[in-house]
Amino acid sequence: MSDRQRSDTVHYDGPAGGWGSLRGITRIFGKEWNSPAVLETLARQNKPGGFMCTSCAWTKPANHNPLEFCENGAKATLWELTTRRCTPEFFGKHTVTEMLDWTDYDLEQQGRLTHPLRYDHATDRYVPCSWDEAFAAIGRELKALHPDEAVFYSSGRASLETAYLYALFARLYGTNNLPDSSNMCHETTSVALKKVIGAPVGTCVFDDFSHCDAIFFFGQNTGSNSPRFLHPLQEAVKRGCKIVTFNPVREKGLIAMVNPQSPTEMLTGQETQISCAYLQVKPGGDIAALMGLCKHVLEKDDEAKLEDRSVLDRTFIAEHTTGFAAFEQKVRDTSWDEIEQNSGLTRRALKDAGQVYVEAERTIGIYGMGLTQQVHGFENVAMFVNLLLMKGNIGREGTGISPVRGHSNVQGQRTVGIAEKPELVPLDKLAQMYGFEPPRNKGLNTVDACEGILAGKVKAFIGLGGNFVRAIPEKEAMEEAWRRMRLTVQIATKLNRSHLINGEVAYLLPCLGRSEEDLQASGPQTVTMEDSLSCVHGSIGKRSPASEHLLSELAIVAGMAKATLPPNPNVTWDEWVGDYGKVRDRIEETYPDQFAQFNERMFTPGGFYRGNSARDRVWKTESGKAEFTAPKHLSATGFADAPGRYRLITLRSNDQFNTTVYGYSDRLRGIEGTRNVLLINPDEIKRMGLESGQMVGLETDAEDGRTRRIYGLAVTPFDLPDGAVAGYYPELNVLVPLSHHDVQSKTPASKAVPVRILV
Ligand SMILES: Nc1nc2c(c(=O)[nH]1)N[C@H]1C(S)=C(S)[C@@H](COP(=O)(O)OP(=O)(O)OC[C@H]3O[C@@H](n4cnc5c(=O)[nH]c(N)nc54)[C@H](O)[C@@H]3O)O[C@H]1N2
Ligand SMILES: Nc1nc2c(c(=O)[nH]1)N[C@H]1C(S)=C(S)[C@@H](COP(=O)(O)OP(=O)(O)OC[C@H]3O[C@@H](n4cnc5c(=O)[nH]c(N)nc54)[C@H](O)[C@@H]3O)O[C@H]1N2
Ligand SMILES: [Mo]
């Protein structure tokens with residue numbers, strides 16, 4: 001079952017990239033794509049002195065391509081530069097209740113928000129208001145609460161400057177309640193990597209991809225979610241590097257690609273095979289699959305010992321790690337039968353893949369949501385690190401562990417203080433710089449915040465970007481509880497569902513996009529972000545703003561803060577709004593090791609590298625070493641198999657960025673015209689007595705007294721492992737229980753939800 005392609009399932013024959021990617025852009029944006037101003041903006045994307053894409057967090061290399069953007073980066077830019085406007089007249093025509101039936105696509109299609117808005121309960125409409133009115137009301141409401149009753153959420157797009165000030169605002173106000181979107185994706189990474197290698201982020205730099213012999217890929221969909229990463233992968237393959245992929249879904253981008261930047265490849269249709277082996281692991285089967293790889297390494301090491309050779313890097317293990325003996329015992333005690341059963345992969349396939357690892361001198365481990373969004377996601381990540389540590393594959397050129405992050409600055413926000421965990425923030429330093437006593441208690445992460453809202457303990461929510469209500473689990477209960485909050489504030493560029501679920505006092509505040517000129521007292525401003533490989537880049541917007549009433553995110557944060565906090569001579573909001581360079585000075589003062597000469601270095605081609613202790617083999621863990629860990633589970637799902645119970649994967653299409661749906665064409669998976677699908681393999685369809693195209697429902701199979709159901713999904717034959725079904729996020733979030741999350745980090749386990757099919 002593991003590595004064959006079924007012939008009777010929908011699939012798109014073309015590779016990733018290629019003409020399809022260009023057609024994908026023009027089809028959606030048509031007119032807008034042709035305008036010279038837009039082309040000029042795209043040409044500046046992801047280059048030094050240009051602006052940094054608002055799509056994914058993949059790095060912006062120094063030796064960039066002539067057009068350093070991908071299909072989805074172009075879509076993200078064009079989405080921001082749309083000529084449509086969502087004005088007060090629009091809100092005069094539509095009540096908020098009326099819009100609750102609209103799709104995510106239709107809401108965002110209204111275009112850019114143009115005016116600050118207050119929700120008026122009496123008429124059920126948004127009405128325009130002044131910025132002063134909004135800030136004064138927010139300040140008044142926040143002052144009336146205990147600081148721990150308020151939550152300051154951020155989606156991972158806001159710049160380092162804005163993020164730093166937003167976190168400072170929350171702490172000066174008195175709370176560490178700073179959840180961010182990474183709590184829904186790579187929080188598992190932040191917790192697991194911190195525990196086992198002492199650095200909460202990946203250890204690779206761009207150059208490592210030119211030196212590795214093998215790349216092991218777990219649960220990350222490069223072709224859709226970080227397409228520019230396909231270029232270094234393609235180059236690696238061309239020089240002989242082997243890529244082994246573990247994913248229940250056969251994702252096009254990891255199978256083959258045509259480089260849209262290469263005229264020859266475009267004209268000849270010449271593809272590069274990306275993965276040399278593609279193992280369709282069961283959802284949640286990765287701990288077992290990794291166990292199989294480790295077991296093969298030990299078996300080969302046993303054989304080598306007879307000839308006085310070693311497959312393990314014993315010197316590294318002795319000098320740099322702890323816990324190897326217990327881990328080794330665990331691997332030896334786990335049988336191949338258990339491994340096969342839990343991974344859904346054959347021993348043969350795992351040994352072949354393991355052999356690639358044994359033979360490679362330098363291996364990189366890549367992963368995404370397939371590992372992190374699981375109940376035992378922590379064990380997934382820790383197990384992946386075990387595999388790499390066995391051969392000293394961390395902290396050496398051409399090796400490392402590399403989680404592929406989501407939003408363009410999600411990693412950077414954590415770096416500069418957006419964290420609910422006080423131990424991650426230099427609080428003493430902040431206390432000294434700003435003359436206040438920062439809160440020391442643990443704040444709320446995303447799931448904690450949802451629990452607090454359900455329990456009525458959280459009374460105010462400020463959203464710096466994003467679409468929180470739509471992105472979180474437990475849609476129905478959360479939407480109901482949301483309306484009981486006293487204050488809800490959303491800072492956004494476009495209308496989304498989170499703006500339709502309002503507290504007693506509610507404001508919708510429109511901000512500048514990153515491609516737009518941000519003019520302040522000292523002139524046009526630069527903002528900065530940190531990419532997935534810990535490189536920091538400056539970004540300058542040049543387009544004229546979508547409306548004269550927009551403020552920058554940084555100015556909105558400062559406006560709210562000034563209206564809420566007592567004056568403090570060390571906290572100079574106006575000066576900071578006037579010149580973002582002054583905020584960078586503060587960031588440098590707070591984090592001198594990582595941001596030395598911040599203003600001078602921000603336009604370094606390729607970004608400046610912030611450094612990573614684990615890369616230098618300095619292990620900032622409790623033990624002072626890199627830690628082998630013995631997993632307690634072989635299945636990451638957190639639930640047992642039962643007759644009729646399926647593992648649901650919630651997927652992103654090639655035509656969305658999270659809750660922003662650009663269109664209804666999942667080109668790379670061959671699914672067109674609808675997102676209301678249930679993907680399921682043909683054998684299962686037969687076994688269930690279903691037919692392709694039949695409409696069915698899904699129900700969550702959790703015994704917690706709550707019914708979670710959705711109807712109207714078209715049965716769609718698709719090449720998936722037995723026992724697995726898949727459909728789209730965010731539509732299926734109604735099925736994800738809030739309690740279904742990674743045990744250690746509380747990242748929602750959106751990649752294996754127990755469900756039953758309702759016929
Ligand atoms: N165009 C576009 N780009 C994006 C985004 C977007 O929505 N659109 N979102 C951004 C964000 S915020 C993030 S966090 C990243 C997300 O990027 P990814 O980490 O790639 O996230 P997903 O696409 O949700 O899922 C990744 C893959 O996991 C596989 N998978 C599911 N279950 C399992 C499993 O149990 N084991 C294994 N091995 N694999 C599994 C799925 O088939 C899928 O291919 O992308 C970012 N970039
Ligand atoms: N079932 C399931 N649920 C998931 C996931 C999954 O795979 N499956 N993935 C999870 C992941 S990885 C993530 S990161 C979250 C995403 O959660 P969020 O980050 O909260 O959501 P987004 O969809 O990225 O937010 C889109 C909105 O951001 C606003 N926006 C866009 N650009 C800007 C800007 O420059 N400034 C401001 N202020 N606003 C802007 C627009 O109004 C737009 O509507 O969802 C999570 N939820
Ligand atoms: Mo994410």
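A: The answer below treats the ligands in turn and then some individual residues.

This is a predicted model, in which local features need pLDDT of at least 70, side-chain atom pairs count only at pLDDT 80 or more, and totals for chains, interfaces and linings use all residues. Residues are numbered from 1 along each chain as its sequence is written, chains are lettered from A and ligands numbered from 1 in the order in which they are written, and side-chain values use heavy atoms, with hydrogens and water left out.

Around ligand 2 there are 33 residues, of which Y153, K494, E553, T659 and Y729 come nearest. A residue is counted as near a molecule if one of its heavy atoms lies within 4 Å of it. By class, this shell around ligand 2 holds 12 nonpolar, 15 polar and 6 charged residues. In this classification, Ala, Val, Leu, Ile, Met, Phe, Trp, Tyr, Cys and Pro are nonpolar, Asp, Glu, Lys and Arg are charged, and the others, Gly among them, are polar. Domain 2 (85-185 + 421-602) and domain 3 (646-758) each give at least three residues to the shell around ligand 2; the domain bounds come from an automatic or database domain assignment. Helix 23 (468-471) and strand 16 (487-492) each supply at least two residues of that shell. Helices (H or I, at least four residues) and strands (E, at least two) are DSSP runs, numbered from the N terminus.

An oxygen atom of ligand 2 lies 2.8 Å from a polar side-chain atom of S155, and an oxygen atom of ligand 2 is 3.1 Å from a polar side-chain atom of R652. With A471, the pair consists of a polar backbone atom and a nitrogen atom of ligand 2, 2.8 Å apart. The protein covers 97% of the 920 Å² of accessible area that ligand 2 has on its own. Accessible areas come from the Shrake-Rupley method with a 1.4 Å probe; for residues, only the protein chains shown count as cover.

Ligand 1 can be described in the same terms. It is surrounded by 31 residues, the closest being E251, G284, D286, Q656 and N658. The side chain of N225 has an N or O atom 2.7 Å from an oxygen atom of ligand 1, and a polar side-chain atom of N247 lies 2.7 Å from an oxygen atom of ligand 1. A nitrogen atom of ligand 1 is 2.6 Å from a backbone N or O atom of Q656. Of the 900 Å² of accessible area that ligand 1 has on its own, the protein covers 99%. Two or more residues of the shell around ligand 1 come from each of helix 10 (222-225), helix 18 (369-372), strand 24 (646-651) and strand 25 (656-657).

Two single residues complete the account. V469 lies in helix 23 and is buried, with a relative accessible area of 1%; buried means under 20% relative accessible area, exposed over 50%, and partly exposed in between (1.4 Å probe, protein chains only). The C-alpha atoms of V469 and H499 are separated by 8.8 Å, although these residues are 30 residues apart along the chain. S534 lies in the loop between strand 20 (527-530) and strand 21 (535-539), and S534 is also buried, with a relative accessible area of 1%. The side chain of S534 makes a polar contact with the side chain of Q411 (3.1 Å). A polar contact is a pair of N or O atoms within 3.5 Å; within protein, one must be able to donate a hydrogen and the other to accept it, and residues adjacent in sequence count only if both atoms are side-chain atoms.
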